[in-house]
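This report concerns the aromatic rings of a structure and the nonpolar residues packed inside it. Please view the sequence and the model before reading on.

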Amino acid sequence: MAPRRGLFITLEGGEGVGKSTQQGLLLKRLRQEGVKALGSREPGATALGVELRAVLMDLGGEAPCQEAELLLYLADRAQHVRQVLLPALEGGAVVVCDRFADSSEVYQGRVRGMGWRRVRELNRWVCGDLWPDLTLVLDLDPDLGLRRVHQRQGDLGLSPDRLESEGLAFHLAVRQGFLEQAVAEPARIKVVPAARPPERVAQEVWGLVAPLVRAWQQARG
Ligand code: TMP
């Protein structure tokens, strides 16, 4: 791997848990600290990714087979890693990404039933040596998360996308899947309860991120 000088932080969780709000607040805080910080997301951070996201979110009622769905997310990731993430990290930025490899391990691996270990192997192939330094799972009762999503979509005059329309059992399994990811890798993955006001969640997020940023700054001299 090319020398990686930046820090890679990912935000994960089910629908409507507040990932993009927390991403915005964390980027603001990092910039206040004088850190070069970049936000990104999956799927859809590159031109190819935008096309793949549109395909994945609305298939005109046709459900993709599990293998096809997984490969589309992995194609998005392969392009994202090489075109956006590695250059930013090699340039010394702190990158905060809304969803990454854990989403495939949970949604396709654990929930759709392809097996998270198999998805991990494919993730390793797609990501090379790039892996998050820290992953924050925002944890929320899916009932509440889905209500937030439906409210937001309604306000925008949109209907829920293909995944948001899955039943409650699917979203409960997603929540459980992320909690199991965290148990399997406690050093990297931290769970943050998200049923609180955004500023309060952001405080806890910063409490987890700040020591890592300080250690990273010290190591860089
Ligand atoms: P979101 O980014 O707006 O949350 O929507 C992305 C959707 O795609 C969300 O339902 C989770 C799903 N997803 C997967 O199933 N696998 C993946 O690898 C990724 C990145 C997202």
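A residue is called buried at under 20% relative accessible area, exposed at over 50% and partly exposed in between, with a 1.4 Å probe and protein chains only. By this criterion, Tyr107 and Phe178 are both buried. The model is predicted, so local features need pLDDT of at least 70 and side-chain atom pairs count only at pLDDT 80 or more, while totals for chains, interfaces and linings use all residues. Residues are numbered from 1 along each chain as its sequence is written, and side-chain values use heavy atoms, leaving out hydrogens and water.

Rings of Phe, Tyr and Trp (its six-membered ring) pair if their centres lie within 6.5 Å; planes under 30 degrees apart are stacked, over 60 edge-to-face and the rest tilted. The whole structure holds 3 aromatic pairs, including the two tabulated here.

| Pair | Centre to centre | Angle between planes |
|---|---|---|
| Phe8 and Phe100 | 4.9 Å | 85° |
| Tyr107 and Phe178 | 6.1 Å | 75° |

Phe8 belongs to strand 1 and Phe100 to the loop between strand 3 and helix 4 (101-111), so their pair ties together parts 92 residues apart in sequence; helices (H or I, at least four residues) and strands (E, at least two) are DSSP runs numbered from the N terminus. Phe8 has a relative accessible area of 0%. Ring pairs also link Tyr107, Phe170 and Phe178 into a cluster.

A nonpolar core is a set of buried Ala, Val, Leu, Ile, Met, Phe, Trp, Tyr and Cys residues joined through side-chain atoms within 4.5 Å. In the largest such core, of 24 residues, those touching the most other members include Leu26 and Leu136. Helix 8 gives the most to this core, with 7 residues.
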